[in-house]
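Please read it with the sequence and the coordinates at hand.

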Amino acid sequence: SEVEVDTISSIAVISAFEKGGKWKYALQLFKALTRNAIELSTAVCSATVSACEKGGEWEKAWQLLGAMALGEIESNTITFSSAISACEKSCEWERALQLFSDMVQSKVEPNTVTFSAVISACDKGGRFDKALQMFNVMVQSTINLDTIAPSTAISACVKSGEWERALQLFSIMAQGRVELDSIIFNAAMCACEKAGEWRKALQFFNMMAQRSSPIQLFSALGSVPHVQGDRRQEAF
């Protein structure tokens, strides 16, 4: 007897390919489903886009979104976020921003992963201004802030020479919306280094000392660059 291929089994196999890094197989199965006139769902398409994202195939992810639109298949947060992440991995910041714009126009709610991917894409593409604009949009929303987006935003400030703005961002984060970790502290200390503000760097180190383990502190001490040995001792 024939075995019917349904949506659930298709998603399961495509997801397995995704986890195994076999994006080509996921795409082949997707095409086979299309050829056999099997109804495609948002979940099946999202799983395929995610597989392409894991393989760094931003063009394939982009094309899949276009095919979904032509087939009147609704895209969701996972679909858009995966496609944007694929663009981020390939430093395609303009594509990432375009997808984010399409997402908003489609009235699909972005989440933390979406914003982090867009901000990172802009940072990798050297568009620090765009990275900061997107971070400001994220801050003004009700979305929970993770540690990735804020640290990337601070990094963007440092790279663009806006160390004061970087420290302002750190101050906003310290007010409670973000759980400060070593990555954010290191980004702030890097901003201090660029500005020659070694005392502020040590202040941040002392703040981190109250939250971190000895191993984390030893690792972070190397992130207070260009500070004389006697000055580093002031951190203890």
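In this predicted model, helix α11 and helix α12 pass each other in a left-handed crossing. Their axes come within 8 Å and cross at roughly 165°, which makes α11 roughly antiparallel to α12, since an angle over 145 degrees counts as such. On the α11 side the contact is formed by Ser-182, Phe-185, Asn-186, Ala-188, Met-189 and Cys-192, and on the α12 side by Lys-200, Ala-201, Phe-204, Phe-205, Met-207 and Met-208. Sorted by class, the residues of this contact comprise nine nonpolar, two polar and one charged.

Two further helix pairs can be described in the same terms. Helices α5 and α6 also cross in a left-handed manner, with axes that come within 8 Å at an angle of roughly 165°, so that α5 is roughly antiparallel to α6. Here Thr-77, Phe-80, Ser-81, Ala-83, Ile-84 and Cys-87 of α5 meet Arg-95, Ala-96, Leu-99, Phe-100, Asp-102 and Met-103 of α6, and the contact is made up of eight nonpolar, two polar and two charged residues.

Helix α7, which spans residues 112-124, and helix α9, which spans residues 148-159, have axes that come within 9 Å and cross at roughly 20°. An angle under 35 degrees counts as roughly parallel, and α7 and α9 are therefore roughly parallel to each other. The handedness of the crossing, as α7 passes α9, is left-handed. From α7, the residues Ser-116, Ile-119, Ser-120 and Asp-123 meet a set in α9 that consists of Ile-148, Ala-149, Thr-152, Ala-153, Ser-155, Ala-156 and Lys-159. The residues of this contact fall into five nonpolar, four polar and two charged.

| Helix pair | Axes come within | Crossing angle |
|---|---|---|
| α11 and α12 | 8 Å | roughly 165° |
| α5 and α6 | 8 Å | roughly 165° |
| α7 and α9 | 9 Å | roughly 20° |

These pairs belong to a protein chain that has 14 helices and zero strands. Of its 236 residues, 42% are buried. When contacts between residues at least 6 apart in sequence are considered, 59% of them join residues that are at least 24 apart.

Which residues have the most contacts inside the largest nonpolar core? They are Phe-135, Ile-154, Leu-169, Phe-170, Met-173 and Phe-204, in a core that has 69 residues. The largest share of this core, seven residues, is supplied by helix α11, which covers residues 182-195. Ile-154 touches Ala-166, Leu-169, Phe-170, Met-173, Ile-184, Ala-187 and Ala-188, when residues up to four places away in sequence are left out of the count. Phe-204, for its part, is also among the α12 residues that meet α11.

Apart from residues up to four places away in sequence, Leu-99 touches Trp-62, Leu-65, Phe-80, Ala-83, Ile-84 and Cys-87. One of these, Ile-84, is 15 residues away from Leu-99 along the chain, and the C-alpha atoms of the two are separated by 6.5 Å.

Most residues other than glycine have a negative phi. Glu-72, by contrast, has a positive phi of about 55° although it is not a glycine, and it is placed in the loop between α4 (58-70) and α5 (77-89). With a relative accessibility of 76%, Glu-72 counts as exposed, because this value is over 50%. Cys-91, likewise not a glycine, has a positive phi near 60°, and its place is in the loop between α5 and α6. Is Cys-91 buried, partly exposed or exposed? At 38% relative accessibility, Cys-91 counts as partly exposed, because the value lies between the limits of 20% and 50%.

Definitions and conventions: Residues numbered from 1 in each chain as written. Predicted model: local features only at pLDDT ≥ 70, side-chain atom pairs only at ≥ 80, totals over all residues. Heavy atoms only, no water. Axes fitted to C-alpha atoms, helices over the stretch in contact; angles between N-to-C directions. Helix = DSSP H or I, 4+ residues; strand = E, 2+ residues; numbered from the N terminus. Parallel < 35°, antiparallel > 145°, perpendicular 65-115°, else oblique. Left-handed = near helix turned anticlockwise from the far one by under 90°. Contact = heavy atoms within 4.5 Å. Nonpolar A, V, L, I, M, F, W, Y, C, P; charged D, E, K, R; others polar. Core = buried A, V, L, I, M, F, W, Y, C linked by side-chain atoms within 4.5 Å. Buried < 20%, exposed > 50% of the residue type's maximum accessible area, 1.4 Å probe, protein only.
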